[in-house]
Amino acid sequence: MDIKEFELPNGMKVIMSKRSELPIMSMNMTFYVGSKDEEENKTGIAHLLEHLMFEGSPNTGKGEFDEILNNNGGDSNAYTSWDMTGYYLVLPSTKLELGLWLDSDRLTGFGISEESFKVQQSVVLEEKLQTQDNVPYGSLEEESSGRLFKTSGYRWPVIGFKDNIENLKLSDAEDFFNRFYKPNNAVLSIVGDIDYSETEKLVTKYYGGIERGEKIPRKKFTDGYLIKENSSTIISDVQLPGKFMFYLIPKIGSREYYEMQILNKIFTAGESSKLYNEMVYNSQMANEAESMIYGMEHISIFFVNLIARKGVKVEELEMKFDDILERIKNGNISDEEIQKAKNKLETGYFAKFSSSVFLSEKLSEYKTLFGNYESLINEINMYESINRNNIINISNKYLNKNQRVNLSYLPKE
Amino acid sequence: MSVDYANLDRSKPPVVMKSKDVKFPAYFEDKLHNGIKVFVIEDDKLPLISVKFVIKTGTYDDLAFGEDSSGLASLTSDLLVKGTDKMNAVEVAEIIDFHGASISGGCEYDATYLSLTSLKKYFTGLFDIVSDLLMNPAFLDEEVEREKQQIANSLLSCLDEGSFLAERGFKKNVYENSPYKLNIEGKISSVNIFQRKNIKEFFDKFYLPGNLIIAIVGDIKSSDAISLIKSKFDGWKKKSVYDRTIYKKDSLTKTKVFAIEKKGAVQSEVLLGHLGFDRKNPDYFPVVAMNTLLGGYFTSRINKNLREINGYTYGARSYFNFRKHSGDFCVETSVENSLTYNAIKEIISELDKIKNEYVTVEELESVKNYLTGSYPLQLETPNAIANKIINLELYGIEKDFYDTFISKINAVTLEDIRNVSEKYLHPGNLVISIAGKVEIIKETMEQIAQVDVLNNIEEL
């Protein structure tokens with residue numbers, strides 16, 4: 001990997017990676033702020049502000065950001081998570097300076113009108129309807145977060161609560177912007193057909209004059225692991241019953257987090273995996289059976305998603321799942337299964353490097369969370385020393401019944 | 001480095017150079033004596049190799065087995081990975097997974113896929129297994145039953161999804177005769193009756209060397225890839241390829257509105273449009289430019305109107321589905337129940353406007369800049385390149401299509417846009433399919449046309 005990095009005097013960190021096969025470049029600007037940094041009565045502001053950042057800045061009017069970008073063969077998008085907000089844009093590599101001009105202008109001041117705010121507030125409310133409220137099992141994030149977390153900003157969904165979103169004001173967005181959108185709270189990654197010294201010069205030209213912000217006070221993370229099972233049944237407009245388990249596991253980047261990645265692959269990677277093989281293929285109890293990990297800064301989530309076949313009860317899914325888990329905890333797992341999981345992770349590792357948009361996002365994300373991008377490149381070595389005993393231990397340590405949120409979705413009637 | 005920040009003029013965008021030209025990457029092609037078309041794309045950036053097998057059959061051919069055979073092509077393709085005479089489904093999954101690889105099978109209207117991605121070091125052995133899956137699938141009764149249950153349950157859960165419901169209402173009423181009206185996965189009643197013999201019959205009729213395209217992409221030399229393919233496929237006996245039935249063209253003569261009840265809907269899922277045309281149509285380039293301007297990118301007229309001006313939706317877009325023998329045009333959006341009529345009215349007004357008035361020079365320039373400037377991004381991964389090459393063969397497109405893409409987009413004129421919007425958009429003869437709260441839809445949409453309520457959508 002060909003990578004160089006530098007830091008501006010105002011604290012903005014910059015990572016560059018040269019790839020010259022195609023005359024394109026991707027920029028990713030990630031701010032170290034997410035939904036967990038919101039106030040409890042203003043949930044949704046991090047994500048709404050993400051929408052607003054495309055709506056105008058001191059030198060670009062409403063709609064101009066995307067118009068200029070599209071008109072130059074470029075595209076953009078953004079995402080908000082619990083911990084971070086990332087903006088990307090892609091352009092032909094000859095137009096790097098235009099991208100830097102567009103992106104940096106957003107940092108020079110708040111340029112959003114009341115009108116843009118109102119429109120994006122409605123757009124976000126529609127987004128919530130489209131991606132959650134109108135989707136089967138779509139309330140899972142909202143139902144689970146408050147049960148998993150009691151005091152931290154992880155206890156509300158990233159998109160926020162409807163009531164809060166409706167009551168947000170333009171001034172809330174401006175306050176949030178002024179607190180967090182500072183060069184010393186940002187990582188910029190640029191991947192593509194670029195020249196390092198020219199790029200450093202241009203980045204310095206457009207971002208170097210932006211003033212450093214004050215040190216941002218961070219709330220102490222106060223949530224811990226669950227000690228009592230939290231179960232609930234939700235009656236919903238779904239055809240097939242669903243069983244969903246959430247366990248808290250160690251934070252992203254820790255040794256135990258990587259151990260959980262291996263265990264997760266054993267549960268879910270391919271049709272020979274435990275969940276598919278036993279629940280979908282052999283017993284045919286489930287129509288879908290899979291697990292995934294949400295990696296988060298302070299504590300992560302291991303999520304198990306089981307959709308029943310018609311006629312199968314959620315209690316049966318739960319018993320079967322508990323039985324699979326129990327066998328792993330009792331040591332019923334082979335070295336071959338561990339190796340299989342490692343092989344899956346090895347193939348998946350390379351996918352991170354296939355597209356420049358994705359690579360620039362990952363470089364920014366790792367730098368933001370871990371303070372270095374090398375952990376992205378070296379991640380694959382983390383798995384080598386993990387063995388069967390580690391997997392048995394970790395399952396006994398974190399995947400107990402009293403440590404989970406256990407949700408059932410049942411069809412109406 | 002000294003920079004004079006105070007004198008940095010941010011008020012105007014910096015002047016930047018035109019984008020550099022990009023050439024479509026070189027690839028190797030060959031044809032085996034039994035008719036198999038072969039492509040190889042070398043790319044050693046990552047130690048991965050993929051193979052894609054594409055068979056020129058799909059849902060379109062369901063109808064060759066009668067009106068009640070919807071879902072047969074899809075079921076057949078799903079079963080490809082479920083074992084051969086030598087190796088059962090569990091053994092296949094085990095060996096693929098153990099090597100960290102992945103396989104998948106599936107179908108669309110005009111094509112069926114089987115693909116494998118693996119680390120370079122394991123590729124040859126796994127290629128052998130996947131080749132066998134393609135040529136000698138077992139289709140065991142037990143696996144057929146298992147898969148049927150899986151599909152029937154998936155079809156049930158589709159009823160929870162507004163986009164599925166709206167699409168069924170749309171396709172069924174846009175295409176009256178052609179198999180493009182069918183749901184790819186079929187319907188519960190049809191899937192339920194399929195047996196091994198139906199699947200075997202479909203397989204024998206359509207899975208033929210003359211219908212097969214093999215593309216290998218990744219960290220491999222083309223000579224090695226070709227020998228590998230020949231060692232497995234040279235012996236597959238040639239058989240003449242079955243001629244596809246061509247169905248009568250469907251056409252609409254007035255706007256029709258269809259409403260489908262989605263339980264607990266908090267939004268309407270809207271799909272509206274009409275017939276389009278096949279992929280080989282000579283107006284392809286002006287149509288792509290016209291559609292991009294209308295609803296094909298973020299700053300398009302439809303998205304700007306519905307999202308950025310009115311805040312009615314998270315997004316709205318339009319597209320042409322270019323199929324092998326026909327096609328359709330649609331506009332898609334999701335809006336809160338009470339906004340359904342307003343949103344549809346805005347969409348129709350955008351269709352009327354582009355059909356009846358010239359677009360501006362600036363709009364057309366922006367579209368050209370967007371399409372030509374973002375084109376290289378589509379060539380970033382070997383898999384994306386492979387799909388493009390496969391499409392040339394699948395749809396019988398001219399060989400120089402990708403090399404001339406940029407110049408042909410740049411050649412589109414205001415007059416061309418005017419002609420194709422006039423010729424291919426029919427805002428007076430739309431199928432408007434809406435999944436949501438039927439009561440609300442009926443109340444407001446009657447202003448546009450009589451509302452037909454569709455029931456038993458799972459059987460459409």
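Me: A residue is buried if 20 or more other C-beta atoms, placed from the backbone, lie within 10 Å of its own, exposed if 12 or fewer do, and partly exposed in between. What share of the 413 residues of chain A count as buried?

Reply: This is a predicted model, in which local features need pLDDT of at least 70 and side-chain atom pairs count only at pLDDT 80 or more, while totals for chains, interfaces and linings use all residues. Residues are numbered from 1 along each chain as its sequence is written, with chains lettered from A and ligands numbered from 1 in the order in which they are written. By the definition of burial above, the share for chain A is 54%.

Me: Why does the radius of gyration of chain A agree with a compact globule?

Reply: The radius is taken over C-alpha atoms, and the globule rule is 2.2 Å times the number of residues to the power 0.38. Because a compact globule of 413 residues would have a radius near 22 Å, the value for chain A agrees, being 23 Å.

Me: How far apart do the C-alpha centres of domain 1 and domain 2 of chain A lie?

Reply: An automatic or database domain assignment gives the bounds, dividing chain A into domain 1 (3-207) and domain 2 (230-411). The distance between the two C-alpha centres is 29 Å.

Me: Which element gives the largest share of the side of chain A that touches chain B?

Reply: Across the two chains, 61 residues of chain A are in contact with 67 residues of chain B. Helices (H or I, at least four residues) and strands (E, at least two) are DSSP runs numbered from the N terminus, and those of chain A that each supply at least two residues to this side include α2 (64-71), β5 (85-92) and α12 (335-351). The largest share, eight residues, comes from α4(A).

Conventions. Contact = placed C-beta atoms within 7 Å.
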